[in-house]
Amino acid sequence: MIALGSRKAVAAVVLLFCYNGVVIGAYAAAIPVLQARFALTPQALSVVLITMGVAAITSMQISGRLSDRLGARRVSLAMIPLLLVGAAVIGQAGSMVWVFVGAVLLGLGNGGIDVAMNALGVQVEKQRPKPIMSFFHGMWSVGNLVGAALLVLITPLFAGDVQISARVSTGIAAGLGVVAFAIGVWIVPETEPVDHTDTATGVKAPIPASAYLLGLMAIAFGLGEGTGMDWSSLQVTQVAGVSPAIGSLGVTVMAAFMVVIRLLGDFLVLRIGRRAITRFGGACSALGYLIAATATSLPLLLLGWALVGLGIGMIAPQVYAVAGYLAGGRGLAVVVTFGYATFLVAPAFIGWLVATFGIQHAMFVPAVLLSSLLVLARVMPSPQDDPSIAAPESIS
């Protein structure tokens, strides 16, 4: 039996996070190709994205409770086939019917594994001598970058035919899922069921109110991340008056700094604790959005988006970890749902603000929400109360 604190267990969680990132990256890169293949209007594409989102949110609620009842291993592994089949179907789709089938499968798999792998990650971290959740999330970002890069790297091999290239890149993502599942069956550890029954009354305890406060924090970073990913490049292009190619540096620097801080985040947790990191992340990302809302030169705008990535990259792993410690899979389901739903609606909401107030003024809204984390972070444990910092020694 694989020990939860072992290196093999860590490798298993890394595998799950990486593969989830690869699939979502490959799918995201293929969206413009799908739009061209079926001549989708923005409204029709929105319906596809909403369909996937609803499927994901539904899966989150189910997988959180199943992870507590059956163990996160079973749920995590069960989601991989949904992800790989969904990637294959949506990539090879020859009609809109199959696009929607693929979107539903991808949504179910993504929502389910998002909760289950975080629940598994929390249980692994509990058995480690040092925090490790930020590293896991960093591996998701690395996988996401790899998945998105597949299309770029493959397209020259097919004489620039992006339709064939998208079919191949999503096919590769699906094939990697077969490998991930085979390895996962071998190395993903069993987890103990989480019992939420109150021992004094024998009644199932409700989800703690603090989980919903963590959900509010997820709304803040969900809006911040969604806005950055969808609007940063356009914002830099329009405000600085540069070409779209140069403007794309906005999302590039944001994503790069998110990866860097997530790979360093566990060291910071050990030194200053999750509460301080979350507050610093909120302040850092809010400052970045304030710069984006007021600066006009390219260097300052890129500095702003770098600070947004640096700050937001710190927040999500800490919020998810505390939710898992506090309320198991069902608590994670609440928090992940709040963040994911906000991430989905953020582009449309910010789009309305942009149309109404202008693209720079719209950036004040995520700045205000992210600054609220300075207060909401009170729900996070102090260093002396953080169970991850006082975790047991690892098992090799």
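## Salt bridges

A salt bridge joins the side chains of Glu 125 and Arg 274 (2.7 Å, N to O); the term denotes a side-chain nitrogen of Lys or Arg within 4 Å of a carboxyl oxygen of Asp or Glu. Glu 125 lies in helix α4 and Arg 274 in helix α10 (residues 274–294), so the pair ties together parts that are 149 residues apart in sequence. Both Glu 125 and Arg 274 are buried (buried means under 20% relative accessible area, exposed over 50%, partly exposed in between, with a 1.4 Å probe and protein chains only).

By this rule the count is 3 salt bridges. Arg 73 meets Glu 190 at 3.5 Å, N to O, while the closest N and O atoms of Glu 190 and Arg 74 are 2.9 Å apart. Arg 73 is buried, at 14% relative accessibility, whereas Glu 190 is partly exposed at 32% and Arg 74 is partly exposed at 46%.

## Surface position

Val 97 is located in helix α4 (residues 96–126); helices are DSSP runs (H or I, at least four residues) numbered from the N terminus. Val 97 is exposed, with a relative accessible area of 58%.

## Basis of the model

The model is predicted: local features need pLDDT of at least 70, side-chain atom pairs count only at pLDDT 80 or more, and totals for chains, interfaces and linings use all residues. Residues are numbered from 1 along each chain as its sequence is written, and side-chain values use heavy atoms, leaving out hydrogens and water.

Definitions and conventions:
Helices (H or I, at least four residues) and strands (E, at least two) are DSSP runs, numbered from the N terminus.
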